[in-house]
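Please report on the contacts, metal site, pockets and backbone of the structure below.

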Amino acid sequence: MTDPAAIDAYIADTLGLHDPLLDDVNRRAAERGLPEIQVSAAYGRFLQFLCRSIGSTRVLEIGTLAGYSAIQLARALPTGGELITLEVDPAHAALATENIREAGLADIATVLLGPASETLDGMVTSRPASFDFVFIDADKESYPDYLEQCIKLCRPGALIVADNVVRGGRVIAPSPSDVSAVGTAEFNRLIGADPRIEASIIQTVGQKGHDGLALLRVL
Ligand code: SAH
Ligand code: DHB
Ligand code: MG
């Protein structure tokens with residue numbers, strides 16, 4: 001099989017998905033030693049499609065890194081739209097805030113520093129049922145907690161996308177020491193049994209290997 005990373009590059013080249021500003025975001029992140037675990041260009045465009053297709057104006061992201069996916073989501077919003085992205089690492093949050101400013105999105109996008117579960121608890125109290133679209137992409141062991149909090153934060157008809165729920169198939173029988181696979185396997189079990197949502201999981205292959213994303217619609 002042709003290297004999936006080469007195919008991701010082919011897709012980005014062929015569809016003209018390269019963007020000088022987003023390329024800079026990735027370059028700065030690599031220079032500062034951040035892990036290269038941002039979504040691909042095509043995945044970012046897919047998130048924009050989903051976000052726009054339901055007319056989202058208020059978007060929540062869990063796991064900012066350098067702001068690559070946050071900038072794409074913020075760009076999918078109309079004037080007056082709002083994106084909140086949660087990040088626990090101060091260096092990541094600082095770089096993302098810089099990148100968001102550089103992108104001219106400071107009025108739309110805000111990085112909130114701190115453990116996401118704590119920030120989300122506060123938001124569940126202060127602004128329940130207020131988001132149209134959520135992208136979950138932080139620590140995998142907390143996905144079950146994020147699920148519950150995000151359902152409370154979403155209006156009916158909202159979409160929730162959760163990255164990395166296949167983990168090369170390790171979710172089928174996770175080794176107890178693999179907390180990421182244990183967390184995402186539990187998340188997958190929960191979404192299959194929750195009457196408040198409709199759920200699907202799509203496998204992906206690409207620059208980051210074999211993984212998958214969960215798509216949830218809040219009823
Ligand atoms: N969505 C980003 C990639 C996120 S990588 C993109 O595609 O561009 C995952 C991020 O989640 C990392 O920056 C990591 O520091 C952050 N993270 C890990 N645990 C967290 C927690 N408990 N709360 C908030 N953020 C967390
Ligand atoms: C990892 C995290 C991600 O969000 C991702 O998309 C790929 C890998 C990781 O922590 O290894
Ligand atoms: Mg991810």
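Arg28 touches Leu95, Asn99 and Glu102, leaving aside residues up to four places away in sequence. Contact here means heavy atoms within 4.5 Å. Arg28 sits in helix H2. Helices (H or I, at least four residues) and strands (E, at least two) are DSSP runs, numbered from the N terminus. Arg28 counts as buried, at 18% relative accessibility. Buried means under 20% relative accessible area, exposed over 50%, and partly exposed in between (1.4 Å probe, protein chains only).

The model is predicted: local features need pLDDT of at least 70, side-chain atom pairs count only at pLDDT 80 or more, and totals for chains, interfaces and linings use all residues. Residues are numbered from 1 along each chain as its sequence is written, chains are lettered from A and ligands numbered from 1 in the order in which they are written, and side-chain values use heavy atoms, with hydrogens and water left out.

**Metal site**

The magnesium ion (ligand 3) has Asp137 (OD), Asp163 (OD) and Asn164 (OD1) as its protein donors, at 2.0 to 2.1 Å. Donors are N, O and S atoms within 2.8 Å of the metal (3.2 Å for Na, K and Ca); water is not among the atoms, so sites may look incomplete. Along the chain, the donors of this ion follow the spacing D-x25-D-N. Asp163 is buried, with a relative accessible area of 3%. Asn164 is buried too, at 8%.

**Pockets**

A pocket is found on a 1 Å grid over the protein atoms alone. It is an open set of points where a 1.4 Å probe fits, with protein on both sides within 12 Å along at least five of seven lines; lining residues have an atom within 4 Å of a point. Grid points are joined across faces, edges and corners, and a volume is the space filled by probe spheres set on the points. For the classes, Ala, Val, Leu, Ile, Met, Phe, Trp, Tyr, Cys and Pro count as nonpolar, Asp, Glu, Lys and Arg as charged, and the others, Gly among them, as polar.

| Pocket | Volume | Lining | Classes |
|---|---|---|---|
| Largest | about 890 Å³ | 46 residues | 22 nonpolar, 14 polar, 10 charged |

Ile37, Asp137, Asp163, Asn164 and Lys208 lie nearest the centre of the largest pocket. Elements supplying at least two residues each to its lining include helix H1 (4–14), helix H3 (41–53), strand E6 (197–206) and strand E7 (209–218).

H1 gives the largest share, six residues.

**Strands and backbone**

E6 and E7 run antiparallel, joined by 10 bridges. Two strands pair if DSSP finds at least two bridges between them. A hairpin of two residues connects E6 to E7. Ile202 has Leu213 in E7 as its bridge partner.

Ala129 has a positive phi of about 55 degrees. Ala129 lies in the loop between H6 and strand E4 (131–136), and is partly exposed at 40% relative accessibility. Asn164 has a positive phi of about 65 degrees. Asn164 lies in the loop between strand E5 (154–163) and helix H8 (179–193).
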